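Please examine the sequence and the structure shown here before reading on.

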Amino acid sequence: MQKYNFDRSIMKKVNTLEKAYLLGWIITDGYVNRTTIGIEAKEADKYTIRNTFESVFGNDIPPPRYRHRKDSYSKSLGKLLRPSKSVIQTINSVEVSLDIRTHLNLQPTEKKGKFVRLPNLKSKKLMWAMIRGVIEGDGTIRKMNNTQPI
């Protein structure tokens, strides 16, 4: 018996605006591994992230977790990072994870990196919902060989 009761086949098809939006947000702020999908965002986004997951999976999902980061130095950014608090919402399901990986054209063992090919969704409305999810995460979209954000 599963701890949380949600439809594990819900992401087989991206056929609602909410699913497309979630997929877009996963592209930017999310992670996908063999058994779990999740999004980590600023604590200020805790209601948006929870509502997004509930709109797709229903109310019987794991509660969000919180991460506290102390002052730290980022070598890649070359600067000191201030303390922050983030919220993490996850879904633990091999089936959901595999479906998301399929939509993102990821191989079973491939990690989601900086560059992800956008999935081919059935309608312009779904594509725009996915783009809104991408913007929720990063705020910009860039073409591969272009330095101008969209």
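Which residues have the most contacts inside the largest nonpolar core? The structure is a predicted model, and in this model the residues in question are I37, F53, F57 and I100. The core to which they belong has 31 residues. Two or more residues come from each of the elements α1, β2, α2, β6, α3 and α4. Helix α1 gives the most to this core, namely seven residues. As a general background, nonpolar side chains in soluble globular proteins tend to be buried together.

When neighbours within four places in sequence are left aside, I100 is in contact with M11, L23, I26, V32 and I37.

**Helix α1**

Helix α1 comprises residues 17-29, a run of 13 residues. From its first C-alpha to its last it reaches 18 Å, which is close to the 18 Å expected at 1.5 Å a residue. Is this helix largely enclosed or largely open? Ten of its 13 residues are buried, so α1 is largely enclosed by the rest of the structure.

**Strand pairing**

Strand β6 pairs with two strands named here. With β2, the pairing is antiparallel and extends over seven bridges; within β6, T90 stands opposite G38. With β3, the pairing is also antiparallel and extends over five bridges; here S84 of β6 stands opposite R69.

**Salt bridges**

The structure holds five salt bridges.

| Pair | N to O distance |
|---|---|
| R67 and E40 | 2.9 Å |
| E43 and K85 | 3.5 Å |
| R50 and E54 | 2.9 Å |

R67 forms a salt bridge with E40. This pair links distant parts of the chain, since R67 lies in strand β3 (residues 65-69) and E40 in strand β2, 27 residues apart. R67 counts as partly exposed at 44% relative accessibility, and E40 is partly exposed with a relative accessible area of 26%.

The side chains of E43 and K85 meet in a salt bridge. This pair likewise links distant parts of the chain: E43 is in the loop between β2 and α2, K85 is in strand β6 (residues 84-92), and 42 residues separate them. E43 is partly exposed, with a relative accessible area of 27%, and K85 counts as partly exposed at 32% relative accessibility.

How many residues apart are R50 and E54 in helix α2? They are four residues apart, and therefore separated by about one helical turn. In general, an α-helix has 3.6 residues a turn, so residues three or four places apart point the same way. R50 has a relative accessibility of 17%, which is under the 20% limit, and therefore counts as buried. E54, in contrast, is partly exposed, with a relative accessible area of 24%. Finally, salt bridges that share partners join K12, E95 and D99 into one network.

Definitions and conventions. Residues are numbered from 1 along each chain as its sequence is written. This is a predicted model: local features need pLDDT of at least 70, side-chain atom pairs count only at pLDDT 80 or more; totals for chains, interfaces and linings use all residues. Side-chain values use heavy atoms; hydrogens and water are left out. The expected span of a helix is 1.5 Å times one less than its number of residues. Buried means under 20% relative accessible area, exposed over 50%, partly exposed in between (1.4 Å probe, protein chains only). A salt bridge is a side-chain nitrogen of Lys or Arg within 4 Å of a carboxyl oxygen of Asp or Glu. Two strands pair if DSSP finds at least two bridges between them. A nonpolar core is a set of buried Ala, Val, Leu, Ile, Met, Phe, Trp, Tyr and Cys residues joined through side-chain atoms within 4.5 Å. Contact means heavy atoms within 4.5 Å.
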